[in-house]
Number of protein chains: 2
Amino acid sequence: MVSWFGRRAKRLEIPRLTGRGETLPTTKVDLGELVPPLPQFLGQAAYMELGVFESLAQAATAAPSITVKGQLSRSAGLALAKHESLVDELRRRGTDPAEAMAPFSADLDAFRRMRAGTTWHETLIGCYLTAGLLDDFFAGLAAGLPGDIRSQVVKILQQDAGFAVVVREVTAAIATDPKLASSLALWGRRLVGDTLLIARSALHVSGDLARDESRIEPVFTEIIAAHTRRMDELGLTA
Amino acid sequence: MVSWFGRRAKRLEIPRLTGRGETLPTTKVDLGELVPPLPQFLGQAAYMELGVFESLAQAATAAPSITVKGQLSRSAGLALAKHESLVDELRRRGTDPAEAMAPFSADLDAFRRMRAGTTWHETLIGCYLTAGLLDDFFAGLAAGLPGDIRSQVVKILQQDAGFAVVVREVTAAIATDPKLASSLALWGRRLVGDTLLIARSALHVSGDLARDESRIEPVFTEIIAAHTRRMDELGLTA
């Protein structure tokens, strides 16, 4: 089992499910103790989405064609819509959104810069894998939120992110140059490690590590399975 | 009178209206002959809005605070919404949006890079003044479009662009460092020249220059008046 609470999640063992593509049931575990206070949860998720918007807009500007530029811009707009919906939830509760996001801005800005990688295809994969994993993670963790906000947050996070363009562009690039696959797969593995550190930082640990681990494990298993499916879609070995 | 159809609009005389802030009546002139075919009109306007989205997203990433980043991202989203609405109009008419935008991408990409300027405040002013002027211009030119599309296009272009943040940030910067005003005013004057070249490139000239000029002049007078009001708002001399 991967330790979510170790000091560094350096050597991740990525479980591979055999039944790829099947929809996993939503985990019903008591995550209440692991969920941070609502303003923190919403602030971190909202700033995460804002960063996805920024990264996708950057990828759109560097797009090789007008069609792809338009599609990546649309994806950026969908991430922005998630950000704005989460900010609206903060405002509705009388919380200043900028204050709620502030504690997370330094780490998430650094994460956004990391995700850009060194090539356009790395940026695309960086957006897709990290946004996919963190959307799943926050939606999973939301199971521990109070009932009135839980379903709203899950709905926001699970909205379509318009990433089909990423799958098309990356698989086309690999078809043209099969040697790309191994370096992009390495990039995907680097990304998942850094993304899990961000996810881990969102958890409100109780101090009882064994208990915390057993509670978060099912969420973890699901999000890694979904991540592995994304890598498969991209034609990359997880 | 400024020549819209001269080879270069290098030395623009910017008319200054005395009645600043008053709403000018929409000009009722026959612009039908000056309006390019609808796919060209929509393609150029749509790609223009996509570039505004890109520039504002770039400005958002460089924003000095989370609040301002959020506000500029929102503005970027509003420009993207205009782009997507114009693209929808193209699709509704069976026109491939990428094909319709393609003839304008090189000039508008160069224009977008120019508009970024060399400082963050120049980028902000670049977005506000050029998007404001071109929204006004295309909305004015739309008076020459067929009736069924005219009001829809004007409505799209005149949607709120969320530029209050630009006015706040620029006037605050000038209040802190009054010497900024003269260099930013110069920047504003440079921008208007380049923006009018983009506007001019959208006109479908008839060959009868004097007649074309007399038709477009009222639109031109209105958009320059609105531009001058924007410069005033920013605390800059037009």
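Predicted model: local features only at pLDDT ≥ 70, side-chain atom pairs only at ≥ 80, totals over all residues.
I take helices (H or I, at least four residues) and strands (E, at least two) as DSSP runs, numbered from the N terminus. Residues are numbered from 1 along each chain as its sequence is written, chains are lettered from A and ligands numbered from 1 in the order in which they are written, and side-chain values use heavy atoms, with hydrogens and water left out.

**Chain A, overall.** Of its 238 residues, 53% count as buried, where buried means under 20% relative accessible area, exposed over 50% and partly exposed in between, with a 1.4 Å probe and protein chains only. I also looked at contacts, meaning heavy atoms within 4.5 Å: among those in chain A with a separation of 6 or more, residues 24 or more positions apart account for 84%.

**Helix α1 of chain A.** Helix α1 (residues 38–61) of chain A has 24 residues and reaches 35 Å from its first C-alpha to its last, close to the 34 Å expected, the expected span being 1.5 Å times one less than the number of residues. I noted that 20 of the 24 residues of α1(A) are buried, so this helix is largely enclosed by the rest of the structure.

**Helices α6 and α7 of chain A.** I then checked how α6 (residues 164–176) and α7 (residues 180–201) of chain A pack, and found an angle of about 140 degrees with the axes 8 Å apart. Axes here are lines fitted to C-alpha atoms, for helices over the stretch in contact, and angles run from 0 to 180 degrees between N-to-C directions. α6(A) and α7(A) are therefore oblique to each other, since angles under 35 degrees count as roughly parallel, over 145 as roughly antiparallel, 65 to 115 as roughly perpendicular and the rest as oblique. Val170(A), Ala173(A) and Ile174(A) of α6(A) meet Leu180(A), Ala181(A) and Leu184(A) of α7(A) in this contact.

**Ile149 of chain A.** I found Ile149(A) in helix α5 (residues 147–157) of chain A, where its 1% relative accessibility makes it buried. Leaving out residues up to four places away in sequence, Ile149(A) touches Leu38(A), Glu89(A) and Arg93(A); Leu38(A) is 111 residues away in sequence, yet the C-alpha atoms are 9.1 Å apart.

**Chain B.** For helix α7 (residues 180–201) of chain B, the 22 residues should span 32 Å at 1.5 Å a residue, and the end C-alpha atoms are 32 Å apart, which agrees. Its buried residues include Trp187(B), Leu191(B) and Thr195(B), and what covers the buried residues of α7(B) includes α1 (38–61), α3 (97–115), α4 (120–141), α6 (164–176) and α8 (209–234) of chain B. In helix α4 of chain B I looked up Thr130(B), which counts as buried at 0% relative accessibility and touches Phe111(B), Arg115(B), Ile125(B), Leu191(B) and Thr195(B), residues up to four places away in sequence not being counted. In helix α8 of chain B I looked up Val219(B), buried at 5% relative accessibility, whose C-alpha lies 9.3 Å from that of Leu31(B), 188 residues apart along the chain.

**The two copies.** I superposed the copies by least squares on the C-alpha atoms of residues with pLDDT of at least 70 in both, and chain A can be laid on chain B with an RMSD of 0.0 Å by a turn of 180 degrees and a shift of 0.0 Å along the axis. That is the relation of a two-fold axis, and the same surface serves both copies, as 100% of the contact residues of chain A recur in chain B.
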